[in-house]
Amino acid sequence: MVTIQLDDTVDFLVDLLNIHSPTGYYHEAIDFVEARLKALGTLDLWHTRKGALMGRLKGASDDRPIGLTAHADTLGLMVREMKSDGRLKINKIGGMLLAGSENEGVTVRTFDNRRIRGTLVPVNTSTHVNAQIATTIRDENSMEIRLDARTTTKAETEALGIGVGDFVFVDPRVELTDTGFIKSRFLDDKAGVACLYAALKALADAGITPPQDVYIQIANYEEVGHGGATGFPPNLEELVSIDMGAIGEGQNSDEYSVSICVKDGGGPYHIDLTDKLRRLAAANDIPHRPDIYLYYASDGTSYWRAGHDARVALAGPGIAASHSYERTHRDSLLHSAHLLARYMLEPV
């Protein structure tokens with residue numbers, strides 16, 4: 001019997017959300033996931049040279065292994081320039097929606113690992129001073145970091161230890177509601193990592209051996225387009241990329257089901273594997289929503305573009321307001337994890 005421990009899954013997710021991991025700064029998040037997976041006692045774990053976490057769950061056979069990948073890296077910012085007034089010019093990591101991050105708290109991590117607080121604000125913010133502030137486009141030139149330090153010059157900011165290339169961590173602002181919603185930045189794709197953890201834990205708790213070896217990857221460069229390109233064995237038969245289902249006007253996904261992406265910006269996923277996931281969901285009464293995401297690609301896309309030829313599909317929890325202040329529901333985590341567990345138990 002496969003049982004998803006939903007409270008434990010949400011606790012895992014909250015802990016992971018509160019660990020900063022913009023692409024390029026991954027050690028703490030990867031270490032956290034590694035420790036939790038190691039505690040299951042069922043996986044062999046190792047790291048790729050690029051820093052991704054790999055694992056193998058031993059199956060009854062190893063001739064047609066399958067894979068699952070989710071990414072722990074998130075959007076973020078870097079320091080591009082110390083401005084003459086002591087504030088910081090920014091450079092985006094990935095596709096963060098700056099208009100959706102306005103007035104959010106941030107932490108600048110210096111090269112020597114000091115942490116300095118600040119706020120992401122529009123340049124010349126005050127409406128009493130700037131009559132155009134309401135209609136100014138929010139981009140890297142019109143937004144800046146106001147440091148919580150007494151600095152009014154470039155030299156004073158440099159004296160704090162801040163330099164070009166320092167990572168800027170954006171506050172996730174995690175909130176759990178009594179109606180079952182989870183609100184936070186960076187649910188993409190830490191919710192997917194939590195679902196994979198929950199599925200692996202369900203199999204471990206039940207003492208079930210899958211029919212084939214299962215390889216997992218917790219990627220650390222997905223947000224810049226090459227997270228899942230390497231690391232899997234050459235004889236991999238199938239790969240399920242676990243990532244967010246995008247919600248919005250014209251979309252079929254919601255916050256309460258598992259989303260199954262049939263096509264995204266990289267083209268259609270493999271019809272046989274996509275149909276397999278849809279059949280498994282239907283057979284096990286798992287609420288699911290097939291969908292197409294026009295402005296989206298995944299680690300599965302990266303894997304294919306690197307020249308690998310396993311069948312690839314994509315599924316994961318539905319996430320509202322992607323790349324801004326996001327939201328999902330406990331039900332979506334439950335159904336996504338359930339489908340992943342069922343998938344690992346299905347013959348190839």
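Which residue forms a salt bridge with R64? In this predicted model, local features require a pLDDT of at least 70 and side-chain atom pairs count only at pLDDT 80 or more, whereas totals for chains, interfaces and linings use all residues. Residues are numbered from 1 along each chain as its sequence is written, and side-chain values use heavy atoms, with hydrogens and water left out.

The partner of R64 is E237, with the closest N and O atoms 3.5 Å apart, a salt bridge being a side-chain nitrogen of Lys or Arg within 4 Å of a carboxyl oxygen of Asp or Glu. Because E237 lies in the loop between β12 (212-219) and β13 (238-242) and R64 in strand β3 (residues 61-71), the pair ties together parts that are 173 residues apart in sequence; helices (H or I, at least four residues) and strands (E, at least two) are DSSP runs, numbered from the N terminus. R64 is partly exposed, with a relative accessible area of 32%, where buried means under 20%, exposed over 50%, and partly exposed in between (1.4 Å probe, protein chains only).

By the same rule, the count comes to 21 salt bridges. One of them joins the side chains of R36 and D8 at 3.3 Å, N to O; R36 lies in helix α2 (residues 27-40) and D8 in helix α1 (residues 6-17), so this pair ties together parts that are 28 residues apart in sequence. A further salt bridge joins K201 and D205 at 2.9 Å, N to O, both residues lying in helix α4 (residues 187-206), 4 residues apart, about one turn of the helix. K201 is buried, with a relative accessible area of 19%, whereas D205, at 47%, counts as partly exposed. Salt bridges that share partners join R64, E237, E238, K276 and R311 into one network.

Turning to open space, the largest pocket holds about 540 Å³. Of the 25 residues that line this pocket, M244, Y295, Y296, A297 and H323 are the closest to its centre. On a 1 Å grid over the protein atoms alone, a pocket is an open set of points with protein on both sides within 12 Å along at least five of seven lines, a cavity is a set where a 1.4 Å probe fits but cannot get out, and lining residues have an atom within 4 Å of a point; a volume is the space filled by probe spheres set on the points, which are joined across faces, edges and corners.
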